[in-house]
Amino acid sequence: MFVLGVIYENCTGCHLCELACSYKHGGTFNPLLSRITILTKPEVQTSVQVYCLQCNDAACERVCPVDAIKRDKSGAYVIDYSRCIGCRECAYACPFGAISFDFKARPIKCDLCGGEPECVDVCPHDAIIFGPEEKVSRELKRAKATGVAYGIYGGAESPYRRKKAEEAENFLREIWKRNEGLEL
Amino acid sequence: MSGKQLLHILPERCTGCMDCVKACPMEEPAIRIPKTPGGWDIVVCRHCSPAPCVDACKFGALWVKEDGTVFLAKELCTSCKACAAVCPFGAVFLGPTGEMVKCDLCNGEPKCVEACKEGALLYGGTPDKGLARERKPVRELLSIRGFV
Amino acid sequence: MSGGTVIVGGGIGGVYTAMNLIREGFPPEKITIIAREWPAYSRHRLAEFLSSKVPFGRIALGLSKRLSWMGVRVLAGTEAISLDTAEKTVGIKTNGGTSEVEYGNLVVATGGRPFLPPIPGVGLKGVVTFHGSNDVEFLSSLPGGSRTVVIGAGLVGLTAAVALRKLGHGVTVIEARGRILPNLLEGPLAEFVGDHLTRLGIQVLTSSLVEEVEGDEWVEGVRLRGGEEFWAKSVVMATGVRPNSGLLRRDGRPIEVDEAGRTGFPGVYALGDCAMSRDFITGEFVYRPLGFVAGHYAQLVARAIVGRAVADRGVIPTVYEAIGPVEVYAVGLGGAEAEKLGVLGDVEVEGGENWREARVFDADGRLIGWERVQSGHLHSVGSANAYLRIRELHGGRAE
Ligand SMILES: Cc1cc2nc3c(=O)[nH]c(=O)nc-3n(C[C@H](O)[C@H](O)[C@H](O)COP(=O)(O)OP(=O)(O)OC[C@H]3O[C@@H](n4cnc5c(N)ncnc54)[C@H](O)[C@@H]3O)c2cc1C
Ligand code: SF4
Ligand code: SF4
């Protein structure tokens, strides 16, 4: 089973993943329509990724009154919009707030892009990783051990590449401009 | 915002104070707070789309307004209860006088949301990422990380 | 008046056909409603009308006033007594006398009447049905704490029983068949409802045949086949509905219609409790005297009259009723009906402390019916799922 993992400390809050996600799923660059949400608070210089963990025995699947949420081959819980009645019960059940709503008030959630998550590809700081379950947890442990994750500061230098940093910064500025009043 | 407006329901915050029930301006409250083993549940119309109740009503008494509200027109309703039969949440109530009772979002200013001190009921436009910020574990995480 | 549409019957079927016609752009002044009773009211609220003692205005349909105001001609207090399909006229009777009305299109929505089984004594005073506002008026005039026997444990009988119990009367329900709600629910679910009725203080007897309603002028009680006697001040006969199909056929059977509610006669449509309707699941025509069936055909008939195409698969039954503290849900075919239509496969029943649920499958294992009874309000029930599943049997949903 492939899973998605995040390393909070690596996230700079560039919102590139949100752009990539909304583009991949809806053809527009709009962070409000992405399946992953980055909460940032510049004052304390932290960002948190809110994303679907594809839980086992997931709450969203369980509460859906019309069985519209099914797990697909890649392990992702996918909403079948031909059945969905838009009651948003799944969103209220998700303990992580990983399900949000599009313009039609339909619930939208991460589908792991059918096994090739775009957010992973686009993240300039390897803050999102994707792979077999054991590998991802190994990576997360390694990140933790090196002090990059879970608020442990002062550890060794991160082993993760910091790629395209300037690019990301420029993108961030642009999004900031385009989404005035976006309190993310 | 002219698009759809959503009523968000966060039952884990509900303390069962019934302020929303008291605030509902309908003759028979359109929101009910039953006790559950784990706390309090909030039974109120979700304003689904496409809503099963709208599909089941053969009398044209239920329709979707522009702002997304699923509206029950008393004048056209016969109380055949077909809507109650297909609503997955039992959110269309059969009132004591035989009239059907369903939330109409108070024409865009839901009184229950105003009344709820716990923030268990929220009202917002779409698209919406509000829940990402509101859910408990995330909030816990945020507080751990110095957000709140 | 040729080209005009004449609707016989001022019940739900008639009134909503008129409304749908107007919605389809048909001029209101070309619609005539021949109504024995007016204003129209909803029978669905009779039980609450009885128990909550609201004024009649609360159960009358607001739509009936609206229609007259929009210019629909309503011949109130008028009865249609004959029909000439060749000349396209309806014979009507008012208290003044008789006359004729011409029609371009005729909609027969004469509803049904309660069936009275041939039991000696059903003509006694104090024996009523539970079909109209006059029945409710009689029952609400009973002094508190009187004894009533309800014969027939269908939805009508049980809601009447609960309403009478709420008013403080002693109530006994007698059902000939082996369980209550025999047409609607599977055995274990009916049992669940029965238990709760007993807890309300309603006596429920099944597999019991009433042999005689006893009394001289006024009813005094009923006697069962076994000789057992129950004294009662009033008896409510809730033993089913028969179609008022007399305008079109002599044999008392429901009027046969096609998928758009057309009868065999040119320009004549029929709907509601006087006519057959199509079942969505099997595509067969069945007799279902239920309000939403009338509403469904009121839409189709209006469409057909204005010349729009009608392609309809029929009605998925969607029944909800609150019987005392128990909520009853039934979507699709019940086991009994599925068996009658020859499509019954398996029935699965499960349950917990305060709920029971049944799923009815056809021979191919597809879900064709779903039933649930529960006490208390539970968060999420499977009714929407069953409804969508059944709708998907024939080509999915209309977006
Ligand atoms: C107590 C009770 C509860 C019910 N609850 C429900 C429920 O919860 N849900 C549901 O779906 N269904 C329910 N039903 C069934 C529902 O009421 C009927 O299916 C529905 O009323 C049928 O509508 P209709 O227009 O065909 O007939 P009706 O409503 O019976 O209307 C027929 C009208 O035509 C008039 N009429 C008859 N003959 C003539 C004539 N020759 N000339 C002029 N006028 C004439 C009658 O006086 C009557 O007013 C209930 C029925 C009863 C009795
Ligand atoms: S009444 Fe029920 S089915 Fe209809 S919109 Fe509300 S929650 Fe959805
Ligand atoms: S009870 Fe009223 S709103 Fe509900 S389906 Fe029947 S007519 Fe429509």
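Predicted model: local features only at pLDDT ≥ 70, side-chain atom pairs only at ≥ 80, totals over all residues.
**Ligand 2**

I began with the make-up of the shell around ligand 2: by class I noted 10 nonpolar, one polar and two charged residues. In total, 13 residues surround ligand 2. The closest ones I wrote down are C45(B), R46(B), C48(B), C53(B) and C87(B).

**Ligand 3**

Next I turned to ligand 3, which has 13 residues around it. Here C57(B), C77(B), C80(B), K81(B) and C83(B) come nearest. I sorted this shell by class too and got 10 nonpolar residues, two polar ones and one charged.

**Ligand 1**

Which chains supply the residues around ligand 1? I found residues from chains B and C there, so the site is shared between chains. The shell holds 30 residues, and G13(C), E37(C), R43(C), D273(C) and G291(C) come nearest. By class I logged 11 nonpolar, 12 polar and seven charged residues. Three elements of chain C each give at least two residues to this shell: α1 (12-23), β4 (79-84) and α7 (291-305).

I then looked up some atom pairs. R43(C) places a polar side-chain atom 2.8 Å from an oxygen atom of ligand 1. At F292(C), a polar backbone atom is 3.4 Å from an oxygen atom of ligand 1. How much of ligand 1 does the protein bury? Taken alone the ligand exposes 1000 Å², and I see 93% of that buried by the protein.

**Chains B and C**

I moved on to the interface between chain B and chain C, where 36 residues of chain B are in contact with 37 residues of chain C. The buried area is about 3200 Å², with 53% of it from carbon and sulfur atoms. On the chain B side, I noted that K58(B), F59(B) and E75(B) supply 20% of the area buried against chain C, more than any other three residues.

My salt-bridge count over all chains came to 35, and five of these bridges are between chain B and chain C.

For polar contacts between chain B and chain C I listed 21 residue pairs. On the side of chain B that touches chain C, α2 (52-56), α3 (82-86) and β6 each supply at least two residues. The largest share, four residues, comes from α3(B). By class this side has 20 nonpolar, seven polar and nine charged residues.

**Chains A and C**

Last I checked chain A against chain C, a contact with nine residues from chain A and nine from chain C. Together the two chains bury about 760 Å², 34% of it on carbon and sulfur atoms. Which residues of chain A lose the most area to chain C? I got P65(A), S82(A) and R83(A), together 54% of what that side buries.

The rule finds two salt bridges across this interface. I looked up R83(A) with E392(C), a salt bridge whose closest N and O atoms are 2.9 Å apart. I also counted three residue pairs in polar contact between chain A and chain C. The chain A side divides into five nonpolar residues, one polar and three charged.

Key
Residues numbered from 1 in each chain as written. Chains lettered and ligands numbered in written order. Heavy atoms only, no water. Near = heavy atom within 4 Å. Nonpolar A, V, L, I, M, F, W, Y, C, P; charged D, E, K, R; others polar. Contact = heavy atoms within 4.5 Å. Buried area = accessible area lost by both parts, 1.4 Å probe. Salt bridge = Lys/Arg side-chain N within 4 Å of Asp/Glu carboxyl O. Polar contact = N/O pair within 3.5 Å; in protein donor to acceptor, adjacent residues only side chain to side chain. Areas by Shrake-Rupley, 256 points an atom, 1.4 Å probe, with all protein chains shown as cover.
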